[in-house]
Amino acid sequence: MYTKDGTSYFVVDSHVALWDGSPQNQANRYGKGFIECFYDYHRNLSPKEWLWPLDKFEKYSEADLIHDLFETGHVDRAIFQPAYLSDFYTTGFHQRERALALTREHADKLVLNDAWDPRDREAGLDRLEELAAVDGGLKGVKLYTAEWRGDSKGYKLTDEWSYRYLAKCEELGIRNIHIHKGPTVYPLNRDAFDVADVDDVASAFPNLNFVVEHVGLPRLEDFCWIATQEPNVYGGLAVAIPLMHTRPRYFAQIIGELLYWLDEDRILFGSDYAIWHPKWLVEQFVDFQIPEDMRSEYGELTTTVKRKILGLNAARLYDLQVPAELSLPAAEVVA
Amino acid sequence: MTTVTRPPDRTRTGVEERVWAALGTVRDPELDQPITALCFVTEAVVRDHGPAGSAVLVRLRLPTYFCAPNFAFLMVADAHDAVRAVPGVTAVEIRLEDHFAADEINAGVAAQGGFAGTFPQLAGGELAELRLAFLRKAHLACLERACRRLRQDGWQVEDLTRARLSDLPASPERDSLLRRRADLGLPTDHDAPLVVHDDGTPVSADDLPARLRFARAVRVSVDGNATMCRGLLETRYGVPAADEHGTDGASAAPSPDEEDAR
């Protein structure tokens, strides 16, 4: 929880990770390139007092995560969004066993999502059923469509097997489908960041929620275009929100576009921890306002909008209990 | 870390000057800016003078190791074609560095095998469709900037359906819009309607607000991506990527079209 100027915010960090990108776990040059790319995002967009040395960034501890999110970061609940990257990292980038143990230890704070990959076909469907039986079931999955798998450099949500997995999610009550687009997909000559496939599956599965991570960046416009038509499409702010520190005017335009094309009920806060620390993100977002000369186009960010984005929207998707004093009056809650 | 070895202008040979100028016509399709202004070119030198002409080496770098391989290929291939067309240049090597698919792309462009030839198991075809999609985005972003310019000059939104290209005052916005229209084969004559669909047909009054709203989202997206990419390049290589043209989006008015404003 974070309190500023008499307003208290229930904070749900909808995008955190416990990864191991250390040299010992890198399977090849791609693993090295991947964590270095993450580190450049961290260095480029973090205030300098929040910079970590590379070795800590490559592999941090459970204690770091608990401390940074819940003791100093104002976060009430955090959701693990796994990226396995099994072709790049020997034991996987996402450290599932460690994250599972930590989630069991802090069940009142952490939510553990998992992942599936349509290229696993029948075996992956069986695994998904097993996962859904662990600890009261899965509430969400994270899909990285650019994940490499041997000779394959990615997949689409409209692939035949993707539909079978989505149908399985519906059957198992896994309602939140987080989608992260990356630079590769099959076929490579198409735009890998295109979100048209999300449009198709959002129509086909109206009972599932599709959270497009990084609000579709670098295809913000395409994401906005589909989200305005599909009420079950949401935007995760991870990667976009740190721009408010170095590029506040661009961030103002991004959040302004999102509020126009979607609405305040479909935007979710995410730090992408450990790329960014939630403490400064939460504090700066609460302080953030659309610059005065841009308000005729984009309006203002109210505390109600900020409370929804910082936590209440994700709490709704994940059935997280919000203390009464941190909830909105009934009149302001989306049906 | 790679250091910038672009020589100061005074030390360039005539051929090198022409090569740099040619590279300035190559654009990042996603960011719609020249690869020279983006600091993607680290070196362009004559390696060898033969009786028939010069052999040129160009080194390129990108903001991340995992930049999309199709766009990377387009920039390497376009750089190759642009430099090869420079008078006096008889051989070209374009060397993309520090990228996961650099070896495949460099070899594929050198062999002139096309994208599908470079990634035989992974590509479903060439990149013409991708290029067209991003030319359309670039046009739409420029159209938004042009309309914003007219709005600042006092035009009402509903009057923009009647606006002609001749209504746009001489300005960076006008120059960049005309260039993107020419890229797409859209009319560039003075009487041509300003606000058009992707195929060049005029936008009706009914469709105008939606067209402009989407154009604004495209412009915000393109500008935001350029900001992100410049920052990542700067971080990756430890050099200011803002170069002499100025790119501080945080303090500048929205949507400066940097390279056209020079």
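Student: How many residues of chain A are in contact with chain B?

Tutor: In this predicted model, 34 residues of chain A are in contact with 36 residues of chain B. Two residues count as being in contact if their C-beta atoms lie within 7 Å.

Student: Which elements of chain A give two or more residues to the side that touches chain B?

Tutor: They are α1 (29-45), α8 (220-227) and α10 (248-261) of chain A. The largest share, eight residues, comes from α1(A).

Student: What is that side made of, by class?

Tutor: On the side of chain A that touches chain B there are 16 nonpolar, twelve charged and six polar residues.

Student: How do I read the packing of two helices?

Tutor: Two values describe a packed pair: the angle between the helix axes and the distance between those axes. Here, take α8(A) and helix α7 (residues 208-237) of chain B: their axes come within 8 Å and cross at roughly 145 degrees.

Student: Which residues meet in the pairing of α8(A) with α7(B)?

Tutor: From α8(A) come L220(A), E221(A), C224(A) and W225(A). They meet F214(B), A217(B), V218(B), V220(B), S221(B) and G224(B) in α7(B). By class, this contact has seven nonpolar residues, two polar and one charged.

Student: Turning to chain A by itself, how many helices and strands are in it?

Tutor: Chain A has 13 helices and ten strands.

Student: What share of the contacts in chain A with a separation of 6 or more comes from residues 24 or more positions apart?

Tutor: Such residues account for 77% of those contacts.

Student: Which part of chain A does the UniProt domain annotation cover?

Tutor: The unreviewed UniProt entry places "domain: Amidohydrolase-related" on residues 13-320 of chain A. That span is 43% helix and 10% strand, and its end C-alpha atoms lie 12 Å apart.

Student: Which domains does the assignment give for chain B?

Tutor: Domain 1 (9-126) and domain 2 (129-256). Their centres, taken over C-alpha atoms, are separated by 26 Å. The contact takes 13 residues from domain 1 of chain B and 17 residues from domain 2 of chain B.

Note on methods: Residues are numbered from 1 along each chain as its sequence is written. Chains are lettered from A and ligands numbered from 1 in the order in which they are written. This is a predicted model: local features need pLDDT of at least 70, side-chain atom pairs count only at pLDDT 80 or more; totals for chains, interfaces and linings use all residues. Helices (H or I, at least four residues) and strands (E, at least two) are DSSP runs, numbered from the N terminus. UniProt positions are given in the numbering used here, feature names are shortened, and annotations may be inferred rather than shown by experiment. Ala, Val, Leu, Ile, Met, Phe, Trp, Tyr, Cys and Pro count as nonpolar, Asp, Glu, Lys and Arg as charged, and the others, Gly among them, as polar. Axes are lines fitted to C-alpha atoms, for helices over the stretch in contact, and angles run from 0 to 180 degrees between N-to-C directions. Domain bounds come from an automatic or database domain assignment.
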